[in-house]
Amino acid sequence: MPELIAYFSRAGENYVNGNILNLSVGNTELAAKFIQEVTGADLYKIEPILEYSKDYSECLEEAKEDQRRQARPALKKPFPDMKKYEVIYLGYPNYWGTMPVFTFLEGCRLDGKIIRPFCTHEGSKMGHSLDDIKKICPDAEVKNGLALCGAGIHFAKETIMEWLNAQGHTIMPEKKQANRGKEIDVMQTTTLSNGVEMPMEGFGVFQVPEAEVCEQAVSDALAAGYRLIDTAAAYFNEEAVGAAIKKSGIPREELFITTKLWIQDAGYENAKKAFQTSLDKLGLSYLDLYLIHQPMNDYYGSWRALEELYEEGKVRAIGVCNFYPERLADLCVNARIKPMVNQVELHPFFQQAGALENMKEFGVQPEAWGPLAEGKHGIFTNETLSAIAQKYGKSVAQVVLRWNTQRGVVIIPKSVHKERIEENLNIWDFSLSEEDMAAISSLDLGHSEIIDHSAPETAKWLNGWKIHD
């Protein structure tokens, strides 16, 4: 049966042999990858959504605060399928690196599993972490741990081999090294303020009103691995999306389906009727996310309806679209239930850093529509983006999408071309450096070139857009 190496590691400043060193790869990751090389186990990196600071002193304070609160930091990736594994190698830097690992342990069912802990340290050894693991996983068999001093991690291969032999592990023959396990590249997820897990990447269907084309595109997206599908009443394609979902055969609980309430149907009673209409068109018994499409008309009446739909269990999360900071703040301070998501325009030429800070203050998850700027402003031929794409062996689209997810933004790219649908999803096997993130940040124009929501003409136009009699 395959084995799994689950580890938390941190690059940046680390305390090594009495000195602060800036490490490009964390010590625990070095140990984990050597164990993989020897055992052939799969790799799963435990990554908190909110990363610890790369500054050692700041990181230490953040970790101490997490320990004081017994925090369980939310993780970027969904948990691996533990049914596949009998043995789990569990790696972490002691003492400050245990909280994300505890999130992993509490989120996975490890009853009957064998856990082999290993940690890196600068004098604390295993500390009380072994006892903590046993408390969290009382029905797992926790073996004796391995403590590796950070100063000697590059020279600890013999120590690791001895530990593995003592654990009764059969070392993988050298001729089989080519078939050893690989790191699990799983699409990341984010946890909304109400605890609902949402994929960080989904598939959008804006401007795909033709039923046959939309159904095929959604079918291709689901086959490629997308699980978040984003539609709207005003897109005129909910039925096509529903048809693709039904034909896919994918269990409903594995999907995350979003649709939106249009301006014409604003208000308490109208919103409830519109919700049911969308549900019927999609052929579903519940939604994962229902959004108010625009901050126009009686959206407070609409919000009261969404709150009740949420409390009745008809929708797992509720939110808004195109709510700029002042509108979002106003709703958050007055609503009984705060929105969990705000879907707004977010791409390299309109980055909205202030809006993201505002969402963070109220615990609202940002989601990007138009993450590729709808192809405008020469995004696919931009020199900065093209140079970065060449550096990573990726397309400009992949770099731009990855940039937004690394900012903590959910993305919903759209395409009707199968190869591009697949390409847009292939962004989870690389990460942009801080330098490249900063280079992309320099492209911000500070305004939209797609739509000006502050213009009276825009309000008139959107209110005049009728989706039914």
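# Cavities, a pocket, a sheet and a helix pair

The residues lining the second largest cavity divide by class into seven nonpolar, two polar and no charged. The structure is a predicted model. This cavity holds about 30 Å³ of space. Its lining consists of Leu-261, Trp-262, Ile-263, Ala-266, Ile-292, Gln-294, Met-296, Tyr-299 and Ser-302. Leu-261 also falls within strand β13, which covers residues 256-261.

Searching the whole structure for cavities of 30 Å³ or more gives two. The largest cavity has a volume of about 50 Å³. Around the largest cavity stand Glu-345, His-347, Phe-349, Ala-373, Lys-376, His-377, Leu-445, His-447, Glu-449 and Ile-450. Three of these lining residues are charged, three are polar and four are nonpolar.

The second largest pocket contains about 870 Å³ of space. Its lining comprises 41 residues, of which Phe-206, Gln-207, Gly-370, Glu-374 and Lys-414 are the closest to the pocket centre. Three helices, α13 (396-406), α14 (418-425) and α16 (456-463), each contribute at least two residues to the lining of this pocket. The greatest contribution comes from α14, with three residues.

The table sets out the linings by residue class.

| Space | Nonpolar | Polar | Charged |
|---|---|---|---|
| Second largest cavity | seven residues | two residues | no residues |

Strands of a sheet pair through backbone hydrogen bonds, in either the parallel or the antiparallel sense. Here, eight strands form an open sheet with parallel pairing, in the order β11-β12-β13-β14-β15-β16-β17-β18. The edges are β11 (203-204) and β18 (410-411); each has a single partner strand, so one side of each lacks a neighbour in the sheet. Further in, β12 (residues 228-230) pairs with β13 (residues 256-261) in the parallel sense, over three bridges. Within β13, Phe-256 is the bridge partner of Leu-228.

The last element is a helix pair. Packing of two helices is described by the angle between their axes and by the distance between those axes. For helix α10 (residues 325-334) and helix α11 (residues 353-362), the angle is about 10° and the axes are 10 Å apart. Because angles under 35 degrees count as roughly parallel, α10 is roughly parallel to α11. On the α10 side, the contact is made by Pro-325, Leu-328, Ala-329, Cys-332 and Val-333. On the α11 side, the residues are Ala-355, Asn-358, Met-359 and Phe-362. By class, the contact of α10 with α11 has eight nonpolar residues, one polar residue and no charged residues.

Conventions: Residues numbered from 1 in each chain as written. Predicted model: local features only at pLDDT ≥ 70, side-chain atom pairs only at ≥ 80, totals over all residues. Heavy atoms only, no water. Pairing = 2+ DSSP bridges. Helix = DSSP H or I, 4+ residues; strand = E, 2+ residues; numbered from the N terminus. Axes fitted to C-alpha atoms, helices over the stretch in contact; angles between N-to-C directions. Parallel < 35°, antiparallel > 145°, perpendicular 65-115°, else oblique. Contact = heavy atoms within 4.5 Å. Nonpolar A, V, L, I, M, F, W, Y, C, P; charged D, E, K, R; others polar. 1 Å grid on protein atoms, 1.4 Å probe; cavity = no way out; pocket = protein on both sides within 12 Å on 5 of 7 lines; lining within 4 Å. Points joined across faces, edges and corners; volume = space filled by probe spheres on them.
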